[in-house]
Amino acid sequence: MERKLLFFDIDGTLLPETDAPVPESTKEAIRRAQELGHYTFINTGRAKCIIPKELRDMPFDGFLCGCGTHITLHGEILVDKEFDQARGHELVLHARKTGRPIILEGNKSCYYDNQGVLNEQNLTLFSGIFRDFPDRINDIGNVPDYHYSKFCAFADTREQLDEFLAPFADYFEPIDRGDNFYEIVPAGYSKASAIDTIIHHLGQTLDDCYVFGDSSNDLSMLNHVKHSIAMGNSSPEVLAAASYITTPVWRDGIYVAMKHFGLI
């Protein structure tokens, strides 16, 4: 069998949207694929520092983090994109001035601004993730030399967000995650650009790739690759974009899809 490249989102794809662990059927499917010589990758919006230990301990060939801003292959760093520090600090001051709540995400830590706005919606969203990483979320006031690769913001409308981002429009691309929540990455970076980096490095093609996702930040890779798999628990726009719809993550969705495509 020809070697294929398999790219997995985390939340809602490898992990149920609960405190549940990776399903045993998913672990088995990935193990079998690896035994057959296929490459396996995490391709996530999460920053490297908040990938669960359960996943870090699995023998993935690479970790594509922060929507393509940090990429490793067999332990080698291929991409490590951070915002220019001066421009990054300017954004924080702008958020304070305009009253826009933001969370900054870097490879070593994530940050909130205790001098800025922190609303209940913001903290509720991140409490589940950061509950497991209490040492990975810091007040930027305590870390003057902070660095980050992407950030998240809340806005009541897209127009409101665009107005906030206007001074930085050439630098950022927002992803609408729903519920007035936006994931904002450097222009030109995405889960699709991360895949391009990997195939270029390995000398393979997009036809060799299979992608698995469930939410809006997966659309770039689902639309980029012919073999695109949506979990049965996906959002409607993801279901419409995929070439194949599998069962939900908690109903052996990864295993079912990989069996369907002859990957195991």
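Cys209 is in no disulfide either, with the nearest cysteine sulfur, in Cys67, 17 Å away.

A word on what you're looking at. This is a predicted model, in which local features need pLDDT of at least 70 and side-chain atom pairs count only at pLDDT 80 or more, while totals for chains, interfaces and linings use all residues. Residues are numbered from 1 along each chain as its sequence is written, and side-chain values use heavy atoms, with hydrogens and water left out.

Back to those cysteines. Cys110 is buried, at a relative accessible area of 0%, and Cys209 counts as buried at 0% too. (Buried means under 20% relative accessible area, exposed over 50%, and partly exposed in between, using a 1.4 Å probe and protein chains only.)

Now for the charges. Side chains of opposite charge can pair when their charged atoms come close. Searching the whole structure turns up 18 salt bridges, each one a side-chain nitrogen of Lys or Arg within 4 Å of a carboxyl oxygen of Asp or Glu.

Take a look at helix α1, residues 24-35. (Helices, H or I with at least four residues, and strands, E with at least two, are DSSP runs numbered from the N terminus.) Glu28 has a salt bridge to Arg31, with the closest N and O atoms 2.6 Å apart, and another to Arg32, where the closest N and O atoms are 2.8 Å apart. Why do these residues line up? Glu28 and Arg32 are four residues apart in helix α1, so about one helical turn separates them. Glu28 and Arg31 are three residues apart in that helix, again about one turn. As for accessibility, Glu28 is partly exposed at 24%, Arg31 is partly exposed at 36%, and Arg32 is partly exposed at 29%.

For another setting, go to Lys150, which forms a salt bridge with Glu105, the closest N and O atoms being 3.1 Å apart. This pair links distant parts of the chain: Lys150 belongs to strand β9 (residues 150-154) and Glu105 to strand β6 (residues 102-105), 45 residues apart. Both Lys150 and Glu105 are buried. Elsewhere, salt bridges with shared partners join Glu28, Arg31, Arg32 and Glu35 into one network.

How values were computed. A disulfide is a pair of cysteine sulfur atoms within 2.5 Å.
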